[in-house]
Amino acid sequence: MEHLISRFPLEIEKAVGKKTLYDYQQEDLKKIFEHINKLPMGTNILYQLPTGGGKTVVFSEITRKYIQDTGKKVIVLTHRIELSRQTSKMLHGFGVANKIINSEVKELQDQDEYMCFVAMVETLNNRLQEEKITINNIGLVIIDEAHYNSFRKLFKYFEGSTILGVTATPLSSNIKLPMKDNYKHLIIGESIKSLIEKRFLAKANLYNYDVSLKTLKLGIHGDYTVKSSDELYGNHSMLGKLVSAYEDIAKGTKTLIFNNGINTSLYVYETFKKAGYDIRHLDNKNTATERREILDWFAKTPDAILTSVSILTTGFDEPSVQTIILNRATRSLTLYFQMIGRGSRILPDKDEFAVIDMGNNLARFGPWDSPLDWQEIFHFPDFYLENIKNDEEIERDFVYEMPEELRAKFSKSENITFNIKEAYKKVFAQGKKSKLVLEQSIEQHAQICVENSEDVFDARILAKELKEEIAYRVRQYSYCIMNNTKNYKEWLEEDYERKLRSSISKKFAAMM
């Protein structure tokens, strides 16, 4: 029993009715109180701990101890109603009586009966503006998911109180409003890698599918627009690639798919449904009743697939998730960690999970458990954001691998690869024209088509199946000659395909 409590305390605690902290949480608690005690009232502190590390547990104990030590009141701020309920429940588990300030609470006539309040940011802001609520003797304000900027509007009401922001990623959701402007000190908790090694988090097995993102557009907040994402991820080719990825890696596992747009999620739902899979769709337009029903179904169904938009990135905890699919690209480090974190809960029969990346996010941010210098990111966010790999850089490193099904059609050929970059280096060193590289590539493609066909017609049909590899080779060539415009690449692809057909015809004519 003791061994189980050390690894799975939350499940056990529900049964025994008592809350305890892990060793690393106790260490963080000590560091946080050292800061609170030595810094003047009104100082803002930020605490970082990975998703799944138990931030709510830590700040619930902070609340209990702070009230006990100081006799002052605590307010906990959240940005979603689900988080308010979960937080209130956790606080009760630590013996902290609290009141939720939601839209139904118009006045606080019973405020003297409570030392702790849990409030939705918008609701509390409205009540404070209307001057219908004033809460006396507030010593500490705890902000959950502090990277969201909606909380800033409340800071002016608590200038004499200590503010403790809590987040997995101390990087603002708005690139124009850095967190260092509002928080003076950052306390770093245990790393993801350490939590995995100590068996507090599950290990992520990462699978990356190279995707060309050239059609995606960036919005004013620095992330890809929903419209351009829907256009890319809603097309037939990408939907087919998604289903193939699921079937290759995740078939039969409980799977959560994240999309950037509702339209994409609905396309995903329809595509998997037609393929015979048990799938549901969830977005912010579902009623509370529908949402509960869908999440209950997801929890109870072993091989369930749930496709959604960003609604499940926070305030959602389903430990039995076995696969996370990032069916979107993002330039938000916070969102990247939130999405993957949904699969990281550990169970007695689950110590790893799969992550399928369909948006080059692994190449952009690095593996989920890679160490990050959070202090540097917090203090110099502009430098970090400017140095995130752009899509062109990522695509330059793509390596095309012919799908097994297609490779089988070229079984008579021993070697089916051709390295554009290496060929270009040789041609350049010899002082020859760069177009010779594409001519050599076309020759190699024509040869393998002829080797695996009975006649010229079969060979031309086979050549059409090389379209994706041709686009890859043309893209690599355009990088080499530093002419990467869309029109030029499209022209090169058309010219390549025409010359490939001609070369195939000539080879068969020579054989007669």
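## A buried tryptophan and its surroundings

W368 counts as buried, at 2% relative accessibility. Buried means under 20% relative accessible area, exposed over 50%, and partly exposed in between, with a 1.4 Å probe and protein chains only. The model is predicted: local features need pLDDT of at least 70, side-chain atom pairs count only at pLDDT 80 or more, and totals for chains, interfaces and linings use all residues. Residues are numbered from 1 along each chain as its sequence is written, and side-chain values use heavy atoms, with hydrogens and water left out.

**Confidence**

pLDDT is the predictor's confidence in each residue, from 0 to 100. The chain averages 88, and 95% of the residues score at least 70. Confidence is lowest in helix 1 (residues 2-7), with a mean of 33. Strand 12 (residues 323-326) has the highest, at 97. Over residues 1-17, pLDDT stays under 50. For that stretch the model has 17 contacts beyond four places in sequence. Where pLDDT is low, the predicted coordinates should not be read in detail.

**The chain as a whole**

The chain has 22 helices and 13 strands. These are DSSP runs, numbered from the N terminus: helices are H or I with at least four residues, strands are E with at least two. The C-alpha trace spans about 100 × 45 × 45 Å along its principal axes. Of the 512 residues, 53% are buried. The chain exposes about 24,900 Å², of which carbon and sulfur atoms supply 51%. Those accessible areas come from the Shrake-Rupley method with a 1.4 Å probe. Contact means heavy atoms within 4.5 Å. Among contacts between residues at least 6 apart in sequence, 74% join residues at least 24 apart.

**Cores**

A nonpolar core is a set of buried Ala, Val, Leu, Ile, Met, Phe, Trp, Tyr and Cys residues joined through side-chain atoms within 4.5 Å. The largest one has 94 residues, and I62 and W368 touch the most other members. Domain 1 (23-190) and domain 2 (195-389) both give residues to this core, so it lies between them. Another core, of 32 residues, lies apart from it; I394, A423, Y424 and V474 are among its residues. Domain bounds come from an automatic or database domain assignment.

Beyond four places in sequence, W368 touches residues including I192, L201, Y336, F337 and F353.

**Aromatic pairs**

Rings of Phe, Tyr and Trp (its six-membered ring) pair if their centres lie within 6.5 Å; planes under 30 degrees apart count as stacked, over 60 as edge-to-face and the rest as tilted. The count comes to 16 aromatic pairs. Two of them are tabulated here.

| Pair | Centre to centre | Between planes | Type |
|---|---|---|---|
| F155 and Y183 | 6.0 Å | 85 degrees | edge-to-face |
| F353 and W368 | 5.6 Å | 80 degrees | edge-to-face |

F155 sits in the loop between strand 5 (138-144) and strand 6 (162-167). Y183 sits in the loop between strand 6 and strand 7 (185-188). They are 28 residues apart, and their pair links distant parts of the chain. Both F155 and Y183 are buried.

F353 lies in strand 13 (residues 352-357), and W368 in the loop between helix 13 (361-365) and helix 14 (374-379), so their pair ties together parts 15 residues apart in sequence. F353 is buried, with a relative accessible area of 2%. Y336, F337, F365 and W374 form one aromatic cluster.

**A buried threonine**

T78 is found in strand 2 (residues 73-78). T78 is buried too, with a relative accessible area of 0%. Leaving aside neighbours within four places in sequence, its contacts include L83, T87, M120, D144 and F151.
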